[in-house]
Amino acid sequence: MALAINSYNRKLHELSKESLNAIKGVKTYWYNTHDVWKPTEWPTAATKDEEPKIPSPDIFADLTSLKGTTTDKPAALPTIAQCAVHLELLETFHVLRQKMFWSIPLDKAFDVKEEPRIVHQRDGSEKKLKDDRFAEKRNEKWTKFVTLAVYRFLVWWDKIDGVLENTKDRQGRMSMGSDHLPPLDVLMVWHSFLLNTGRFKKMNFNRNLYKINFPWEHIHNAIDNSKWEYTLLGTARTNFTTLTGLQQDLYSALETDPTAVPRTLVETVRLSPTPTTADQSLVNDLASMVARQTSFIDKMDRHLWIRSPAFAGTMARSLTRYSRFLTLFRLYPGTMLVPTLDIDIAWHTHQLTPSLYLSATQALCGRFINHDDSIAETGLSTGLADTKRVYRERFCEDYELCSCWDCEMLLSALEGRHEVSQGEPGIEELGSRIAEEIAYYRMVEFARRNGKPLPKKRE
Ligand SMILES: [Zn+2]
């Protein structure tokens, strides 16, 4: 069986490559049924209502069930819905960085110029060469933006505890309401800070910010997942400005007024607590925490599970594997355990509610597990080899798996999930159903990215 599945995975990967080429090239997808190539086309959605909803809104149904401070279930793991919102948020960060890279007004705001090089040719004529550092210079906008975001975060961080204090209910539980959700840039710094669990604990343990649940539901509501845009409620915008004295949307502020950068910086620094050397090193640390998230965010974008037809199955498996991963901390206390990407997303999601993460790791692993994302690659590769070995030893399964849409759909099919099909089709039939389902989801994503009308499923 294992062998058969491996060769099947290979076949799916090949099909997948062909379908991607077909989508990019002739924009008509061909899929293989019993080795006969057939063209597949989908009708176009004529109205908003006809458009497919990917991810399905059903995934987010249980977001409301976990509210307030987490004290009831000290060993609770994250839910599929929370992982889904987390992936939405990461995709929103990703799109913000892309938008920033391509923005011409922001080139102006950050003084990024394309400087073609003039070379004198032998015949005496001059030739203009493209500025080969232009892309690099455009990337620097992001670094500067992150620094501004860190200063803004520090102002907000100083004040948000007072706001949370006012939300205390009779049991002393606090929560962040949609009216006090921070702007995206501040949220991004808070998010990266939380993922450095040890540092966050050390600096926030006595703060209210440590005690609240991450506001999953409000973040989900703020994100338009057809475009990955984040929009705050009017009250949240006003509240942020009243609380911090800062403009709520840094990106728009910079884009509409290119001269605003120095002003924004001066304004932010003036409002932040007196800058000391310690503050300056915190600014640098927070900025590098955000920077270190970039490669993980890019990986999540490349896998794009949030748009995959196998999403629910992928996340369910990821959470199972994450809970096993936590068990390994208890069983192999001396081993450096390194997560795979699917485990990492569950792990990060857990860390975003720090009090829950603290109680859960204490209960499940016997101690608080620090998450340090600054370990060098060499340490990681030894750790990964050890983790593979102990995972296999304990659970008799492979640790590292391909987690592309195709392989995930195949796993879902073998688990009998309804994502793929009802009944018990033969492996060939199953293969073509999977291929067609994936092709459809890819076509939707392709159309979305190219601003084309979305295809809808055949009746
Ligand atoms: Zn695969």
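These notebook entries record what I looked up in this structure, which is a predicted model.

**Entry 1: helix 4 and helix 10**

I began with a pair of helices. Two packed helices are described by the angle between their axes and the distance between the axes. I looked up both for helix 4, residues 134-165, and helix 10, residues 260-271: the axes come within 9 Å and cross at roughly 30°. Angles under 35 degrees count as roughly parallel, and helix 4 and helix 10 are therefore roughly parallel to each other. I noted the crossing of helix 4 and helix 10 as left-handed.

I then asked which residues in helix 4 meet helix 10. On the helix 4 side I found Leu148, Tyr151, Arg152 and Val155. Their counterparts in helix 10 are Thr264, Leu265, Thr268, Val269 and Leu271. By class, the residues of this contact are six nonpolar, two polar and one charged.

**Entry 2: strand 3 and strand 4**

Next I turned to a strand pair. Strand 3 (residues 117-120) and strand 4 (residues 126-129) run antiparallel and are joined by four bridges. I looked up Ile118 and found its bridge partner in strand 4 to be Lys128.

**Entry 3: Lys452**

Finally I located Lys452, which lies in the segment after helix 17 (427-449). Is Lys452 buried, partly exposed or exposed? I counted 13 other C-beta atoms within 10 Å, so Lys452 is partly exposed. I also looked up Thr44, which is 408 residues from Lys452 along the chain. The C-alpha atoms of Lys452 and Thr44 are separated by 9.5 Å.

Note on methods. Residues numbered from 1 in each chain as written. Predicted model: local features only at pLDDT ≥ 70, side-chain atom pairs only at ≥ 80, totals over all residues. Axes fitted to C-alpha atoms, helices over the stretch in contact; angles between N-to-C directions. Helix = DSSP H or I, 4+ residues; strand = E, 2+ residues; numbered from the N terminus. Parallel < 35°, antiparallel > 145°, perpendicular 65-115°, else oblique. Left-handed = near helix turned anticlockwise from the far one by under 90°. Contact = placed C-beta atoms within 7 Å. Nonpolar A, V, L, I, M, F, W, Y, C, P; charged D, E, K, R; others polar. Pairing = 2+ DSSP bridges. Buried ≥ 20, exposed ≤ 12 C-beta atoms within 10 Å, placed from the backbone.
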